[in-house]
Amino acid sequence: MYDDFMAKCIYCLKDETKTTFQSREHVLPEFLGLYDPQTPVLRDCVCDLCNSIFSKLETKFREDTFEGILGQRLNFQNQNSITVRNKNFKITPLSKFRNQLFMRTFFLLKIENEKLVPDLRGHVTLKMKNGGYRVFLLESLSTLKKESSKFNKIKKDITKLSKEDIWIFVSKKEASIEQVKDILKNYGVTYNEKERGSGDDISETVEIAENYDGTVDKDIVRVIAKICFNYLCYCAREDNQPNILFHENFDSIRRFIYKGEGRPQSFFSIDENRILGEESGSNKNYLGHSICFGEENGKLYFRITLFGFQPYKLFLGDIPPELKHQLFGCAHIFDPLGKKIHNIAQNRQPIALDALMLSFGLLKRFR
Ligand SMILES: [Zn+2]
C-alpha cells in the first residue's frame, strides 16, 4: 500500500539510503496489549537505530511505571516472568489476606467478573541486587525444556539475582515445596525454607489492594510522547498524508522523543479531566487505553490514558497550516482485555475491519 513512499524515519529523519528499516514499530508497546484482528504497527516509519533506542526506554517504562507493571501483570505477551525495578515506581501491598505472609507475595493479575483479581498460579520471587524483583511463573520454570534457549536465558538471568531472599507461592494442588525445590535446583538455586504460611487462605476471594507512589520522569514522558506521535503517524498514513509528519513544526517533539532534548515541563502535564465522558464524575475508570488528538489555540494537543490511569496531556507543536481544519483530530480506545480497538466517535460495538481502518485519519474529530 505504501510502496510509492521512500522509507524515512519520522524521528531522526534519515531515509533508507542512510539507515535500515527491518524492524516494526508498534504504535502502542506490545506489553500494553495485543488486538484482533491486528495490532497497529508502523513499517518504514521508524528506523532500526531509533527502534533500539526506544526499546531501552520502553523497558524502563515497562518495569518502573504503574502502566508498564500492570501490563506485565496482565501478561498479554505470555511471558515466563515479570520484572519490577522498584526504583521510580513503588508498590506497597495493602492486601486483605487474613494471613499476613501473603502480603509479601507479588501476584500477577487476571480479570474475573470484570474485576482485577490475583492470579493464584504458583510463582517464585527473587530479588534483584539493586532492590527490584523478578517473579517467575512456576509453570514456566517446570515446563521449559532443559538447555533450550528460554531455559538457558532464565538460568543466566537468575545468576544475577540474589539467592538470599527467595519467596515461593504455590498451592498444594500445583506442587509440593519439595518439588519446587527440585525445579529451582535445575536453575542453580538452592532454596532453604525459613518460614511457611498456610495455604488455606488461597481459596478466599481477595481483591488486590495496593498503594502506589512514583514520579513521571523525562524518559517516561518520552515513551508517552512517542506513543502519541506514533498514533499521529498511523493516522497520517491511513489518510495517505505521510509527508505531514516531517513538518518542521514537529522537529522539537521528535528531538525530545529520540534524543531526550528539551524539557518536558514545556509541553507535558498530568490532566485531571477524564477523556471518556462517562468516566467524568464517577470513580470508575475504563481499563483500556484512550488516545485522542485535536487542536487547541493553534496547537496540536494529545490526551492519553493507559489502563484508565492518570490522563496525560501533551502539546506536540503548532498545527501545520495544511492541517487547519474544523474536523482535525482523531480518537480511539484500545481495549487490551477484549483485544478490540474502538473508535471513540462510535459505540463500543465491534465494527468491521475496513470500517475500523477508515476510522483512523487526521480529520476524524470527535464530539
Ligand atoms: Zn530513526
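Author: Happy to! One term to start with: a residue counts as buried when its relative accessible area is under 20%. Thr 125, at 8% relative accessibility, is therefore buried. Keep in mind that this is a predicted model.

Reader: Where does Thr 125 lie?

Author: Thr 125 is part of strand S7, which covers residues 123-127.

Reader: And which residues is Thr 125 in contact with, leaving aside its neighbours within four places in sequence?

Author: Those contacts are Tyr 133, Arg 134, Val 135, Asp 165, Ile 166 and Trp 167.

Reader: Tell me about Trp 167, then. Is Trp 167 buried or exposed?

Author: Trp 167 has 12% relative accessibility, so it counts as buried. You'll find Trp 167 in strand S9, residues 167-169. Its side chain has a polar contact of 3.3 Å with the side chain of Thr 105. Trp 167 and His 123 are 44 residues apart along the chain, and their C-alpha atoms are separated by 8.3 Å.

Reader: Let's zoom out. How many helices and strands does the protein have?

Author: The protein has eight helices and 16 strands. It has 367 residues, and 52% of them count as buried. Taking contacts between residues at least 6 apart in sequence, 69% join residues at least 24 apart. The accessible surface comes to about 18400 Å², and carbon and sulfur atoms account for 46% of that.

Reader: You mentioned H1. What else is buried there?

Author: Besides Cys 50, the buried residues of H1 include Asn 51, Phe 54, Leu 57, Glu 58 and Phe 61. The buried residues of H1 pack against S1, H2, strand S3 (81-84), helix H6 (218-238) and helix H7 (251-259).

Reader: How far apart are the end C-alpha atoms of H1?

Author: They are 24 Å apart, which agrees with the span that 17 residues should have at 1.5 Å a residue.

Reader: What about H2? I've got my eye on Glu 67. Is Glu 67 buried or exposed?

Author: Glu 67, which sits in helix H2 (residues 66-74), is buried, with a relative accessible area of 2%. A polar contact of 2.7 Å joins its side chain to that of Tyr 312. Apart from neighbours within four places in sequence, Glu 67 is in contact with residues including Leu 32, Phe 61 and Phe 309.

Reader: Back to H7. What do the buried residues of H7 pack against?

Author: They pack against H1, H6 and strand S14 (312-318). The buried residues themselves are Ile 253, Arg 254, Phe 256, Ile 257 and Tyr 258. After H7 comes Gly 260, with a positive phi near 80°.

Reader: Which residues have a positive phi without being a glycine?

Author: Asp 44 has a positive phi of about 60°, and Asn 240 also has one of about 60°. Asp 44 is in the loop between S2 and H1, while Asn 240 is in the loop between H6 and H7. Asp 44 is partly exposed, with a relative accessible area of 37%, and Asn 240 is partly exposed at 47% relative accessibility.

Reader: Last one: which peptide bond is cis?

Author: The one from Asp 36 to Pro 37 is cis, with omega near -10°. Pro 37 belongs to the loop between S1 and strand S2 (41-42).

Technical notes
Residues are numbered from 1 along each chain as its sequence is written. This is a predicted model: local features need pLDDT of at least 70, side-chain atom pairs count only at pLDDT 80 or more; totals for chains, interfaces and linings use all residues. Side-chain values use heavy atoms; hydrogens and water are left out. Helices (H or I, at least four residues) and strands (E, at least two) are DSSP runs, numbered from the N terminus. Buried means under 20% relative accessible area, exposed over 50%, partly exposed in between (1.4 Å probe, protein chains only). A polar contact is a pair of N or O atoms within 3.5 Å; within protein, one must be able to donate a hydrogen and the other to accept it, and residues adjacent in sequence count only if both atoms are side-chain atoms. Contact means heavy atoms within 4.5 Å. The expected span of a helix is 1.5 Å times one less than its number of residues. Accessible areas come from the Shrake-Rupley method with a 1.4 Å probe; for residues, only the protein chains shown count as cover.
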